[in-house]
2 protein chains.
Amino acid sequence: MTGRISAAYLIETRYPLEVAAAAMAGEQSSGTFRTVPGETPELLQRFGARVEFIKDIAEVETEALPFSRSPKTLGDAKLRRAKIGLSWNIENTGTVLASVWSTVLGNLFELHHFSAMRLLDVAFPDVFADAYPGPAFAVAGTRRLTGIERRPLIGTIVKPSIGLSPEATAALADTLIAAGLDFIKDDELMGDPPHSPFEYRFEAVMAVIDRHADRTGRKVMYAANISGDFDAMRRQLDLIERRGGTCAMLVLNSVGLSGVIEVRRHSAVSLHGHRAGWGLFGRSPDVGMTYLAYQKFWRLAGIDHMHVNGLSNKFCEQDESVMASAHACLTPMFERADRPDIAMPVFSSGQTAVQAAETYRRLGSNDFIYCCGGGIMAHPGGPAAGVQSLHDAFDAAAAGIPAHDYAATHPELEAALQAFG
Amino acid sequence: MTGRISAAYLIETRYPLEVAAAAMAGEQSSGTFRTVPGETPELLQRFGARVEFIKDIAEVETEALPFSRSPKTLGDAKLRRAKIGLSWNIENTGTVLASVWSTVLGNLFELHHFSAMRLLDVAFPDVFADAYPGPAFAVAGTRRLTGIERRPLIGTIVKPSIGLSPEATAALADTLIAAGLDFIKDDELMGDPPHSPFEYRFEAVMAVIDRHADRTGRKVMYAANISGDFDAMRRQLDLIERRGGTCAMLVLNSVGLSGVIEVRRHSAVSLHGHRAGWGLFGRSPDVGMTYLAYQKFWRLAGIDHMHVNGLSNKFCEQDESVMASAHACLTPMFERADRPDIAMPVFSSGQTAVQAAETYRRLGSNDFIYCCGGGIMAHPGGPAAGVQSLHDAFDAAAAGIPAHDYAATHPELEAALQAFG
């Protein structure tokens, strides 16, 4: 087993950058606070993390995070931001993804040297492509399961998020599928509660999906939220497969890395990755990790669809960050044609026909799921007109025609641009 | 199924506090950005999150986190910090812990209203005490398995963290157990790598443990790090049980909530919870969650030992925070005598005989594991003297005798106070 795992970090410290980088490397490999007898030069050479680069960025005035410390000998040393690159021998972790997680994250955020610490990127050697199955469906499989070619999938999230009975959920699904949707998902708040037991909800929605499939020849994908305890998740996965479902949704941050890997190994359907709680990792510019690094773990674990927010969204995230996340999902992790590992990005949060052209243009691809709530349900012409407005918007984008021009002959798009613009 | 889940948050916003609290309640229950047809007054009444309290804390000058927004109509509204209490009908989630996770965390950190958002506490209704097994061993079980009564368990972490062969690990364990240790754990970086396959390492260490147990009548607890994929974790748990091991270690943040629950249901040994990556959640005062809230999820999931850092530690965490974490682990979550659910706190990071008395005094209990590395291995008299110094320190603390007085007649303690004080 050969190769190295590498990772890049943003840091802020008063220590000399070389000392700070060495502290990171030591803590996350063979070292500890004190020199210990067993840490021989040979061991250090083979298992010690290597500092690959140090890039000084800028001097800053005040500590971003509290409680960092530096020795009195440093006096009033300047506070600096920098990028640090580290790498580890694959012999440290083998191909155990949980061990990589401990290695590239671990205690780093708590080291007293640092008043900012953020994982910017991580790279895995090829041996991980053999160890983990990766996304089993991703773009090609999702297109095959839904019968949708050469355009984005148009989807929605069942709302109200919580409180609808299985029957009410199915009735809403009926309206939405009749309107022409390709994809429906549960809200992350909706799991297996007493007022909408998973089994009843799933059966009710699938009956609707099947009825429409008989008519259209296409089966709408339903990302049913199975996130929970394994006994229940296994029963629910069995039901999804038995009943001809094509997707299961997982809340990544609660099911966990080992949990998701286990679901993947026992699932024959596509896995829709919801990032609820992502703000814990991504909201602060001074601590946490980038989505670029985050999504790589979940793709290795086998997630097919990854949420990336959307342009002009209702949250805090900036458009540039949204598009960087989407591009990351579509960028291969390994240089191997035999092992496609991309995930399909899912745009969601305040999306309507208005952002469609820009989303397509900036992504440079049709390989995504575009989830709208109000953009469909609140369209002045009703849900079917809402879905049509999205088809129009993406048709126009693909043909290179400005949406407002295309709208002159496409009234549903015109109405959407008026209502949501 | 009755009861409510409740949670408290620290927020920072320019919105009127009532509006901000309503936005949190809406996003995390039946609401979404737009009013949707199905959100009837009846549904909202039953499933809407309830704002339980709003406590204005202070006006602040500048946004802690970037990219929050407030409408122009608010003009130059003041930026305020406040505490917000929310509660949810148990009907929203049932007893699915992953659904609770999505409910109390979810998208909150990304809402544009807020420039700080931190989960301060969460409380579960009694029905969760039936739904989840909780810690199966905790204090009483850990004492029974190790044969240690009425004093803290003295432990250590195998160092170097990474790089030792199974034979070298066993040799080190031999030294440490001969010195009188009660507890040994793998570092979180050490899992199942090619240079120290779990099976070989575990067998080698257990052989040493058994040999000493024949002599002393007490079996040292070895928290072997099984964190990884489930196929391997199941094999490793089987081995631990078959071989008479008494503990398995899990890196909570990578195994995940669903993963830990599944391990607990298939494990007959105590579970040692490592919080590697905790800084992602806890390091910033402006985003994330408190350890008080964090540890409750893991205790419900069944973790017996929870890491809490240590007094005068080598990381950033302040002593007050360390002790609050340790107290939290020992505080029951439910008012039910039939269902003990406390976890045993594990002090670790730069610990020596020096902090022993203060740890005991501030915790007001002997029910903890005290892990020392250098505090044992770097004792001037050697490892056995290091362990003796810790016994002396805790004996003195329990008897109410100042360590320096007790040291006058206890040379190992005297040497430790000199070396590490």
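This is a predicted model: local features need pLDDT of at least 70, side-chain atom pairs count only at pLDDT 80 or more; totals for chains, interfaces and linings use all residues.
Student: What makes the B:Arg265 and A:Asp231 pair a salt bridge?

Tutor: The N to O distance is 4.0 Å. The rule asks for a side-chain nitrogen of Lys or Arg within 4 Å of a carboxyl oxygen of Asp or Glu. Arg and Asp supply those atoms, so B:Arg265 and A:Asp231 count as a salt bridge.

Student: How many salt bridges does the rule find across the interface of chain B and chain A?

Tutor: Eight. There are also 30 residue pairs in polar contact between the two chains, with both residues at pLDDT 80 or more. On chain B, the elements giving two or more residues to the side that touches chain A include helix H2 (41-47), helix H8 (230-242) and helix H10 (257-265). H10(B) gives the largest share, six residues.

Student: Which classes make up the side of chain B that touches chain A?

Tutor: It has 40 nonpolar, 38 polar and 18 charged residues.

Student: How do you know which residues of chain B are in contact with chain A?

Tutor: The test is heavy atoms within 4.5 Å. By that test, 96 residues of chain B are in contact with 96 residues of chain A.

Student: What is the area buried between chain B and chain A?

Tutor: About 7900 Å². Carbon and sulfur atoms give 60% of that area.

Student: Turn to chain A. Where are its domains?

Tutor: Domain 1 is 4-131 and domain 2 is 138-420. Their C-alpha centres lie 36 Å apart. The contact takes 24 residues from domain 1 and 23 residues from domain 2. Between them the domains bury about 1900 Å², 61% of it on carbon and sulfur atoms. A:Leu97, A:Arg118 and A:Ala129 supply 31% of the area that domain 1 buries against domain 2, more than any other three residues.

Student: Why is A:Asp121 with A:Lys296 called a salt bridge?

Tutor: The closest N and O atoms are 2.9 Å apart. The cut-off is 4 Å, so the Lys and Asp pair qualifies.

Student: Which elements of domain 1 give two or more residues to the side that touches domain 2?

Tutor: Helix H3 (97-104), strand S4 (114-123) and helix H4 (127-131) of chain A. The largest share, seven residues, comes from S4(A). By class, this side of domain 1 has 19 nonpolar, no polar and five charged residues.

Note on methods:
Residues are numbered from 1 along each chain as its sequence is written. Chains are lettered from A and ligands numbered from 1 in the order in which they are written. Side-chain values use heavy atoms; hydrogens and water are left out. Buried area is the accessible area (1.4 Å probe) that two parts lose on being put together, summed over both. A polar contact is a pair of N or O atoms within 3.5 Å; within protein, one must be able to donate a hydrogen and the other to accept it, and residues adjacent in sequence count only if both atoms are side-chain atoms. Helices (H or I, at least four residues) and strands (E, at least two) are DSSP runs, numbered from the N terminus. Ala, Val, Leu, Ile, Met, Phe, Trp, Tyr, Cys and Pro count as nonpolar, Asp, Glu, Lys and Arg as charged, and the others, Gly among them, as polar. Domain bounds come from an automatic or database domain assignment.
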